[in-house]
Amino acid sequence: MTSTASTPSTAVQAPISTSRDRFPALGALPTRLDSLTSLRFFAAFAVFTHHFTGLGHKTGYGRAPLLFPYSQIGVHGVTFFFVLSGFLLTWVHKPEQSAGAFYWRRMARIWPATLVAALPAYYVFYVLAHEHRDWGSIVSSIFLVQNWFPDAYPTLPGNPVTWTLCVEMLFYALFPFAARALVRLSTRRLVVLTAAGLLGMVAVNHYAFAYLSDRTASWVMRHPIVYMPEFLLGITLALAVKRGWRLPLHPAVPVLALGAYVFAYYQARHRLPEYWDKQLECTVRPSIAILAALIMLAFVQREIAGRRGLMNSPVLINLGIWSYCFYLIHHSVSRWATYEYGRLADDNSTLFGLLGLGLVATGLAWALHRYVEEPANKWLLRHMPARLRTPVRR
């Protein structure tokens with residue numbers, strides 16, 4: 001979720017690498033991808049919409065019939081972030097960079113804003129909610145390891161949204177070493193491995209639903225290991241594109257396909273027997289991951305070809321840059337409003353509340369980025385230990 005995609009160059013042709021023993025050089029490929037930065041905002045806003053709606057009748061701020069139940073799919077905006085992380089880290093990967101330098105850079109980007117956002121989250125989710133403090137669980141969330149503990153209390157302790165960062169942390173830990181192995185595989189083998197991983201997600205989900213208690217199944221399905229195939233999908237896509245693979249695909253096609261999938265998914269859930277409804281639910285994560293990858297591919301190909309569009313607008317790019325901070329703060333904002341003012345009416349007037357709270361969360365996200373995330377990141381990068389800066393000999 002937190003990897004940065006930024007402004008593109010105007011180069012138009014991607015080199016095709018014939019060597020598989022190293023990462024293909026970017027060469028004429030853009031190193032910064034504006035459209036992916038902009039798409040981050042839409043993924044974050046989808047998660048915000050999901051939390052604004054709520055899972056249960058009293059957990060959200062309000063429900064607009066125009067959005068609900070389709071807004072519930074917004075929780076899978078995190079799937080987009082997982083695929084995006086795999087893609088971007090592979091896209092800009094420098095094989096000569098040491099693992100220590102990589103970890104330091106990831107820590108510098110993630111932790112400062114996370115620590116600051118934990119303060120309002122504590123006030124909202126513990127003080128206002130009159131929630132029991134399990135300090136071991138809260139501390140585990142500060143260090144982003146909470147998903148590893150099945151008895152964490154509550155289920156998502158600390159700032160609830162940081163469970164996804166726990167997933168990201170495992171991916172970051174593995175990436176410097178996994179990248180060296182994966183780059184040596186042919187694109188075809190990477191695709192097969194990725195497909196097997198996504199099918200494995202379906203199998204694990206099915207097993208959890210069928211044979212485990214609800215609490216244990218919930219823990220299994222938020223465990224970091226379960227989400228690794230989504231990162232692998234991003235890695236595979238990035239390597240395939242860097243090696244010259246292209247798919248004629250207008251961005252409107254996968255975007256409309258995503259909309260059609262969401263509509264069909266919830267229509268089917270209303271009509272299917274419980275057993276088949278569960279089977280359908282087991283497939284939603286890999287399905288969204290594939291659609292997310294296709295959306296990324298379509299926009300990246302446009303940037304490689306030098307074409308610009310709405311996703312290259314400065315407003316959307318800035319919203320995308322602030323999206324990590326927006327993600328960290330949005331749930332605290334909507335839950336605070338629920339406690340402070342009570343739920344809104346479940347009618348379409350709630351859309352004004354959605355937009356209003358979205359603007360509030362965006363303003364706070366800008367401030368968190370401007371005064372915490374960016375300056376702290378720059379300070380930590382300037383103070384990276386000298387031994388970590390030494391390039392790895394290859």
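Trainee: What should I know before I start?

Mentor: The model is predicted, so local features need pLDDT of at least 70 and side-chain atom pairs count only at pLDDT 80 or more, while totals for chains, interfaces and linings use all residues. Residues are numbered from 1 along each chain as its sequence is written, and side-chain values use heavy atoms, leaving out hydrogens and water.

Trainee: Which residues have the most contacts inside the largest nonpolar core?

Mentor: In soluble globular proteins, nonpolar side chains tend to be buried together. A nonpolar core is a set of buried Ala, Val, Leu, Ile, Met, Phe, Trp, Tyr and Cys residues joined through side-chain atoms within 4.5 Å. Buried means under 20% relative accessible area, exposed means over 50%, and partly exposed is in between (1.4 Å probe, protein chains only). Here the largest core has 83 residues, and those with the most contacts inside it are Leu36, Phe80, Phe87, Trp91, Phe171, Met296 and Val300. Helix α2 (residues 77-91) gives the most to this core, with ten residues. Helices (H or I, at least four residues) and strands (E, at least two) are DSSP runs, numbered from the N terminus.

Trainee: What does Phe80 touch, leaving out residues up to four places away in sequence?

Mentor: Contact means heavy atoms within 4.5 Å. By that rule, Phe80 touches Leu39, Arg40, Ala43, Ala292 and Met296.

Trainee: How can I check the span of helix α6?

Mentor: The expected span of a helix is 1.5 Å times one less than its number of residues. The 25 residues of α6 (residues 187-211) should therefore span 36 Å, and its end C-alpha atoms are 36 Å apart, which agrees. Among the buried residues of α6 are Leu190, Gly197 and Met201.

Trainee: At what angle do α5 and α8 pack?

Mentor: Axes are lines fitted to C-alpha atoms, for helices over the stretch in contact, and angles run from 0 to 180 degrees between N-to-C directions. Angles under 35 degrees count as roughly parallel, over 145 as roughly antiparallel, 65 to 115 as roughly perpendicular and the rest as oblique. α5 and α8 pack at about 40°, with their axes 11 Å apart, and are therefore oblique to each other. Residues of α5 including Phe171 and Leu174 meet residues of α8, among them Phe231 and Ile235.

Trainee: Is Leu115 buried, partly exposed or exposed?

Mentor: Leu115, found in helix α3 (residues 99-128), is partly exposed because its relative accessible area is 40%.
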